[in-house]
Amino acid sequence: MDKGVLATALGSPAPFGQSQFAFMRGNAFEAKVKADGGAELLRLLYERLGGGAEAPAGDAATPDLSAAGPEGRAARTALALREATAAGGWALLDHPMLALEVAGSPAYLEPDAVVVHPDGRWTVVEIKSFPMIDASADPSKVGAAARQAAVYVLALERVAAVTEGAEVGHRVLLVCPKDFSNLPTASVVDVRKQRAVTRRQLTRLTRVEDIAAALPEGTTFDPACPPAELDAAVAAVPPAYAPECLAACELAFHCRARSRAEGAVETLGRSVRGELGGLTTVAGVLAAAAGKEGDPADPTVAALRRAAALRAEALESAESLRAETPGSAAVRHAGAGAPEGAAACR
């Protein structure tokens, strides 16, 4: 079931989408980077990650990856990777299809490009339209690109494990427009940390079969169902909402509304949730900070009460400063000594 259709039926459609101008700009930049058989892309990669190999000439392989359906394309990509590795030359795979098991089901992924080095190393290439100004880009966007590339690295490792002489590089090439131009430049991003985090998260995911087995008998997610019945069906699957979901999941707005209604601290973000220990609701956090609930020996509760005391002290100091500022005192004294009519004129 498409989550976008389900979210609309629940009354919480997600206004996802990118402007046509942004699409056109991104596509035009990617086409520029990959023009002439990817000559510019390979040049940038060789400058940053070339190693001891010879520079790629104009005869770098660009295998045809077309096939029927995502499963067929993934199989064709795996074959092309093996053939390029065995050939021992440079190869550029444009929009390969990779497969990765997520919660027991296959997920198909499509990176912008994968480059095979003569030594058998495979490098993921991510092409983004956000600018790299003075050799530096927006850290949040770079972080998102690194997390995305880490998933591709994990998917490639499955193919490399059964390919003789292959190795997946943990450094990916991020290609962006240089400064305020449309000229491409590149930076190397190490994704070992993101790869480790993603691998750990994947191992913790509950399998789809286990989730389905725990649902009440007769549960259906048919959008044609009455809203109350559909809402109950969705509620049967415990959500794990976090603000990051808004950028990736069509059901995020529905889960956010439910999370807010329950006062769950996850609404504030995963990092905040991790700092609050056993406190799971916003009301519980406020009560602990006010000294109404919670064990004073709990470090989290103690920190909250200390923060509340510091806040109250800061507000009291600010109020005292406002009351004692020379300007306000002068106005009060002037008003006290002036004739009633003059005060009225002021």
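I looked up R121 and found it buried, at 18% relative accessibility (buried is under 20% relative accessible area, exposed over 50%, partly exposed in between, with a 1.4 Å probe and protein chains only). The model is predicted, so to speak of local features I need pLDDT of at least 70, and for side-chain atom pairs 80 or more, while totals for chains, interfaces and linings use all residues. Residues are numbered from 1 along each chain as its sequence is written, and side-chain values use heavy atoms, with hydrogens and water left out.

**R121.** I placed R121 in strand β5, residues 121-127 (strands are DSSP runs of E, at least two residues, and helices are runs of H or I, at least four, numbered from the N terminus). Next I listed its contacts, leaving out residues up to four places away in sequence. R121 touches L49, G50, V115, V116, E167 and G169 (contact means heavy atoms within 4.5 Å).

**Salt bridges.** How many salt bridges does the structure hold? I found 17 (each is a side-chain nitrogen of Lys or Arg within 4 Å of a carboxyl oxygen of Asp or Glu). I looked at several of them.

- K128 pairs with E126, their closest N and O atoms 3.2 Å apart. E126 is buried, with a relative accessible area of 3%.
- E157 and R195 meet at 2.7 Å, N to O. E157 belongs to helix α4 (residues 139-160) and R195 to helix α5 (residues 192-204), so this pair ties together parts 38 residues apart in sequence. E157 is partly exposed at 22% relative accessibility. R195 is partly exposed too, at 24%.
- E266 meets R273 at 3.1 Å, N to O. I noted E266 as partly exposed at 27%, and R273 as partly exposed at 21%.
- E40, R43, E47 and R48 are linked in a network of salt bridges.

**Helix α8.** I then checked burial along α8, residues 252-262. A252, H254, C255 and S259 are buried there. Why do I say they line one face? Seen down the axis of α8, the buried residues fall within an arc of 160°, so they line one face of the helix (the arc is that of the directions from the helix axis to the C-beta atoms). The buried residues pack against α7, 227-235. On the other side of α8, R260 and A261 are exposed. Just after the helix, G263 takes a positive phi of about 70°.

**Aromatic pair.** I searched the whole structure and found one aromatic pair. The ring centres of Y46 and W90 lie 6.3 Å apart and the planes stand at 75°, so the pair is edge-to-face (rings of Phe, Tyr and Trp, its six-membered ring, pair if their centres lie within 6.5 Å; planes under 30 degrees apart are stacked, over 60 edge-to-face, the rest tilted). Y46 sits in helix α2 (residues 20-49) and W90 in the loop between α3 (69-87) and β1 (91-94), so the pair ties together parts 44 residues apart in sequence. Is W90 buried or exposed? I found W90 buried, at 10% relative accessible area. Y46 is partly exposed, at 28%.

**Surface patch.** Last, I looked at a nonpolar surface patch of about 270 Å². L268, V282 and L286 make the patch (patch residues have over 30% relative accessible area and no salt bridge; like charges are joined within 9 Å, nonpolar side chains, Val, Leu, Ile, Met, Phe, Trp and Tyr, within 5 Å). Areas come from the Shrake-Rupley method with a 1.4 Å probe, and for residues only the protein chains shown count as cover. L286 lies in helix α10, residues 282-289. I noted L286 as exposed, with a relative accessible area of 58%.
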